[in-house]
Structures are given as structure tokens and as C-alpha cells.
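Here's a quick tour for anyone meeting this structure for the first time. We'll stop at one residue and then at one helix.

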Amino acid sequence: GTDSPFGGKDEFDAQSHIVIATEGGRCVGGFRMTVREAGQKTPLPMEKDCPGLDLAALFPELPLATSACGEFSRMVIGSFERPFSFTNTIAERLCGFLWGMQRPRPDLQYMFSLSNLPRQRLYRALARINGVDCFERQLPERLQPVHLSSSGKFSVQAYFVSGRDDGAKW
């Protein structure tokens, strides 16, 4: 663990997939994908961080009551020896795994992230590269995560992972 608010184990790790990217035997990045099964009432991490957040109300067009969904969070990309080059592909590869057919839960069509503007731009670009539809909703002021207030205003992104043949729609 670390001393940051994102470090260490928490109650969501047991229902999550932890994905680690390695290069040359070294960890260079990773993320956590937390899953909520269809019909479960358990909150996703962003719903705990933003008391009162209701993803079904924020995205009423999604069948979240009858579909499993996931949240990816804690994405980290780091280099301890030298800065990454502008052309590094670690984030692209991580998101390709997250949204590709080899993802930990191929049955998940709806994934969410909570992020500030710089990360929104990165995730939106990565979604586009991977052929994933991305829709954003600004969090109302009353739902902004207080412990992250120095990072700017936050929005929720919803990702619809298509490429399936079961008739799912956005």
C-alpha cells in the first residue's frame, strides 16, 4: 500500500479484478476493475466516494438493474528509471485489454470511470482507439468527491463495449 487515498487494500478488492502491465519483468502499470452483478445493490467505488451518486439515475438509458456492470479505477502508469516517451503504449494496451474480447469479464458491456478533465480526455481517446462508445455526465456539485477536490471537477464516463451478438444497445 501507499499513503495516498488510492493506495492499499480496501473493501472493493474482493469483488475486483486487478490487472497489472509488465515490461521486461517490471510492473509498469495497472488498474482495478470492480464488478457489480445484475440485481446486486452493492455500490461501486465511485458510489462510495460520491455519496448520493446513482449510476442508474445518471444514465437512465442503460439497463443497469438487469445487467452486470463494472468500474475501472486506480489506473496507474509509472516509470521509476526514466520518463516514458511520448509514444509509449502502456495506457493503450491496458485499455485494449480492459475493453477487448480477452477482458477479465467479457460479459460486461457497461463500464464506468470517475475522473477529472485530463483523465477524461485520455480515456475518451483510448475508448475511440478501441472502438468503444463513451458518454460522459458531469457530476453535480453536491456529488463531487471531497477528498479529491484539489484535482478539479469530476465527471462519470460510461463505456459501452460492443462487438457482442446478443442485441445489446446503448
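Setting aside the residues within four places of it in sequence, R36 is in contact with T42, P43, L44, E47, L55, A68 and C69. Keep in mind that this is a predicted model. R36 itself belongs to strand β2, which runs over residues 26-36.

So is R36 buried or exposed? R36 counts as buried because its relative accessible area is 11%, and the cut-off for buried is under 20%.

Now for helix α4. From first C-alpha to last, its 13 residues (117-129) reach 18 Å, close to the 18 Å expected at 1.5 Å a residue. Which residues of α4 are buried, and which are exposed on the other side? Here they are:

| Group in α4 | Residues |
|---|---|
| Buried | Q120, Y123, L126, A127 |
| Exposed, on the other side | P118, R121, R128, I129 |

What do the buried residues of α4 pack against? Their partners are the strands β3 (69-77), β4 (110-116), β5 (133-138) and β6 (154-160), along with helix α3 (90-99).

One last stop: just after α4, G131 takes a positive phi of about 70°.

Terms used: Residues are numbered from 1 along each chain as its sequence is written. This is a predicted model: local features need pLDDT of at least 70, side-chain atom pairs count only at pLDDT 80 or more; totals for chains, interfaces and linings use all residues. Side-chain values use heavy atoms; hydrogens and water are left out. Helices (H or I, at least four residues) and strands (E, at least two) are DSSP runs, numbered from the N terminus. Buried means under 20% relative accessible area, exposed over 50%, partly exposed in between (1.4 Å probe, protein chains only). Contact means heavy atoms within 4.5 Å. The expected span of a helix is 1.5 Å times one less than its number of residues.
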